[in-house]
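Subject: Structure for you to look at

Hello,

Here is the structure I promised to pass on. Please open it next to this message and follow along.

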Amino acid sequence: MHSYQQGAKNIVDQQKNYFHLHLISDSTGETLITVGRAAAAQFTGTRALEHIYPLIRSAKQLEPVLDTIDGAPGIVLYTVVDPDLSQMIHDRCKQMNVPSVSVLEPVIGIFQSYLGPPSKHRVGAQHMLNAEYFRRMEALNFTMEHDDGQLPADIEDADIVLVGISRTSKTPTSIYLANRGYKTVNIPIVYNVPLPSVLDVAKHPLIVGLVATVERISQVRKNRVLGTTQGYSGDEYVDRVAIAEELKHARNLCARQNWPIIDVSRRSIEETAAAILALDVKTR
């Protein structure tokens with residue numbers, strides 16, 4: 001095969017690895033993005049080219065969106081509570097021979113069969129400001145203020161305290177938990193540096209130790225800027241023997257305090273948070 005032919009074939013093969021994913025929402029589109037990405041992640045070897053159309057609430061707004069889909073056909077997901085607009089999407093996609101799914105419709109149908117018809121169609125109802133929203137915002141603010149061992153005197157006000165050596169995903173896990181409404185403090189364990197004494201007498205928060213394998217921590221640390229990590233020199237920060245000693249120290253510390261330990265090596269942030277919340281249910 002000539003080189004230009006091989007090049008053309010490679011381009012075609014690359015194009016086969018992509019598909020258009022059109023997400024139409026009458027609100028922010030967050031629900032669709034989550035569902036679309038979760039579904040697309042199940043198909044390895046292909047990648048979704050996302051086209052997001054938020055706040056579509058009239059036929060005038062919807063028409064150009066459908067024209068765009070006609071020019072780049074793919075999969076269409078939509079959350080539109082207006083029945084006329086929803087039908088318009090369904091009909092046009094059927095004409096274009098493009099697969100489409102109203103993501104909330106089957107779920108709402110189940111709710112309706114059990115609870116009866118909804119009182120009204122409310123656009124973006126899940127984003128309305130309520131007590132739960134403000135609780136999450138308060139938790140997020142608290143968590144950001146108490147990142148990396150800051151303001152340890154407030155630990156008793158926390159719901160969850162995460163302790164662990166550097167690069168055990170304490171901060172991202174804390175932020176995820178805060179978004180679930182849990183005030184979370186994270187405190188680094190550094191060899192020869194004592195933890196805040198208030199941890200010894202804290203009664204309210206669930207205290208959890210995070211660990212990982214030596215290989216995982218070494219790999220992550222090599223990709224970080226060492227200058228931002230206090231208490232370490234560049235060599236010992238990535239040295240596997242030193243990391244093993246840090247982990248041993250952390251495990252012994254948690255064992256002495258009877259704090260549960262979670263290994264995050266092969267867990268996503270979401271999985272780690274779920275394991276922490278499961279501990280919270282068991283110990284409260």
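Start where two helices touch. From H6, the residues Arg136, Ala139, Leu140, Thr143 and Met144 take part. Their partners in H7 are Ser174, Ile175, Ala178 and Asn179. Sorted by type, the residues of this contact are five nonpolar, three polar and one charged. Bear in mind that the model is predicted.

Now the geometry of that pair. Two packed helices are described by the angle between their axes and the distance between the axes. H6 spans residues 131–145, and H7 spans residues 170–179. Their axes lie 7 Å apart, at an angle of about 160°. Angles over 145 degrees count as roughly antiparallel, so H6 and H7 are roughly antiparallel to each other. The crossing of H6 past H7 is right-handed.

Next, look at H5, residues 105–115. How many of its 11 residues are buried? The count is zero, so to speak of cover here is to say that H5 has hardly any.

Finally, the whole protein. There are 11 helices and eight strands. The protein has 284 residues, and 35% of them count as buried. Its accessible surface is about 17,100 Å². Carbon and sulfur atoms hold 54% of that surface. Take the contacts with a separation of 6 or more: 75% of them join residues 24 or more positions apart.

Best wishes

Methods: Residues numbered from 1 in each chain as written. Predicted model: local features only at pLDDT ≥ 70, side-chain atom pairs only at ≥ 80, totals over all residues. Heavy atoms only, no water. Axes fitted to C-alpha atoms, helices over the stretch in contact; angles between N-to-C directions. Helix = DSSP H or I, 4+ residues; strand = E, 2+ residues; numbered from the N terminus. Parallel < 35°, antiparallel > 145°, perpendicular 65-115°, else oblique. Left-handed = near helix turned anticlockwise from the far one by under 90°. Contact = heavy atoms within 4.5 Å. Nonpolar A, V, L, I, M, F, W, Y, C, P; charged D, E, K, R; others polar. Buried < 20%, exposed > 50% of the residue type's maximum accessible area, 1.4 Å probe, protein only. Areas by Shrake-Rupley, 256 points an atom, 1.4 Å probe, with all protein chains shown as cover.
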